[in-house]
Amino acid sequence: MRAGLAGILLLALLPIGARADDAECKRRISVVGRAAETRAPDFAEITVGIEARGTTPAAALDAASKAVAGVSAQARALGVPPADIGTAAVTLQAGSRSVTRPGGLVTEEPDGYRAGNLVTVRLTDMDRLGDLLRQALDSGANRIDGVSFGLRDPDKAEAALQVAAARDARTRAEALAEALGAKLGPLCTLGNPGAAVPPPPVFGRALAAPMAAKGRRVPIEAGTIQLSSEVSATFAVAP
């Protein structure tokens, strides 16, 4: 089965840059070691805000800003540090409406102004996410542009997976050498052909309030994050 060809036997001259003696590495085995792990996310990030209308630019922007200020205050009340609360976008544009004239002609006429203000909040207390969303809606928010989950230290997780992948590479090489009646020698080359860490799942795009009955906690499921890593290695072999 082709899916099992990660440990392909390659017997060829070692390219420039070998880490072991060139003579030893004239006969070699090349493998790709793999490791994967499923982890629960340890933070959630939401982008929430409001779209408001007003007869003047100031009125529209003030209405949007008031609601977002309430969202930020709710986040701080839940223990979110200021560094994890940031403005994502502020928009202001003239509004218009379609008017049908006698004879069927449709024209656009000015209709006040539309303003938007979005704030992104990173929450490490995952159990409070539903509460934060509910309180954001109660504060006047009418947009949720995204809810995502991730790891605070993905580099640490990736480093551990690379070590596991390197061990897997050696195990594969030892199995191939044994199957061929050869003895596995020292490491000749080691590389990282690429690691795959899929983006965290995202739930919800441009959702409009109300999402639930008054005061009801918004149900959110974080799910899991799949991490993986690969390491390519070449070992010398002796007959």
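## Helix α1

In this predicted model, helix α1 covers residues 57-77, and at 1.5 Å a residue its 21 residues should span 30 Å; the end C-alpha atoms are 30 Å apart, which agrees with that expectation. After α1 comes G79, a residue whose phi is positive, near 95 degrees.

An α-helix has 3.6 residues a turn, so residues three or four places apart point the same way. The buried residues of α1 are A60, A64, A67, V68, G70, V71, S72 and A75, and what covers them includes the strands β2, β3 and β4 together with helix α2 (129-138).

## The largest pocket

The largest pocket has a volume of about 180 Å³, and its lining is made up of I50, E51, A89, V90, T91, Q93, R114, A115, G116, N117, L118 and R143. Sorted by class, this lining has 5 nonpolar, 4 polar and 3 charged residues.

Three strands, β2 (43-54), β3 (85-100) and β4 (106-123), each supply at least two residues of the lining, and β4 gives the most, with 5 residues. These strands, β2, β3 and β4, are also among the elements that cover the buried residues of α1.

## The disulfide

The structure holds 1 disulfide, which is formed by C25 and C188, with their sulfur atoms 1.9 Å apart. This pair links distant parts of the chain, since C25 lies in the segment before β1 (28-39) whereas C188 lies in strand β6 (residues 183-191), the two cysteines being 163 residues apart.

The torsion about the S-S bond of C25 and C188 is about -100 degrees, and the disulfide is therefore left-handed. Both of its cysteines, C25 and C188, are buried.

Conventions: Residues numbered from 1 in each chain as written. Predicted model: local features only at pLDDT ≥ 70, side-chain atom pairs only at ≥ 80, totals over all residues. Heavy atoms only, no water. 1 Å grid on protein atoms, 1.4 Å probe; cavity = no way out; pocket = protein on both sides within 12 Å on 5 of 7 lines; lining within 4 Å. Points joined across faces, edges and corners; volume = space filled by probe spheres on them. Helix = DSSP H or I, 4+ residues; strand = E, 2+ residues; numbered from the N terminus. Nonpolar A, V, L, I, M, F, W, Y, C, P; charged D, E, K, R; others polar. Disulfide = S-S within 2.5 Å. Buried < 20%, exposed > 50% of the residue type's maximum accessible area, 1.4 Å probe, protein only. Expected span 1.5 Å × (residues − 1). Contact = heavy atoms within 4.5 Å.
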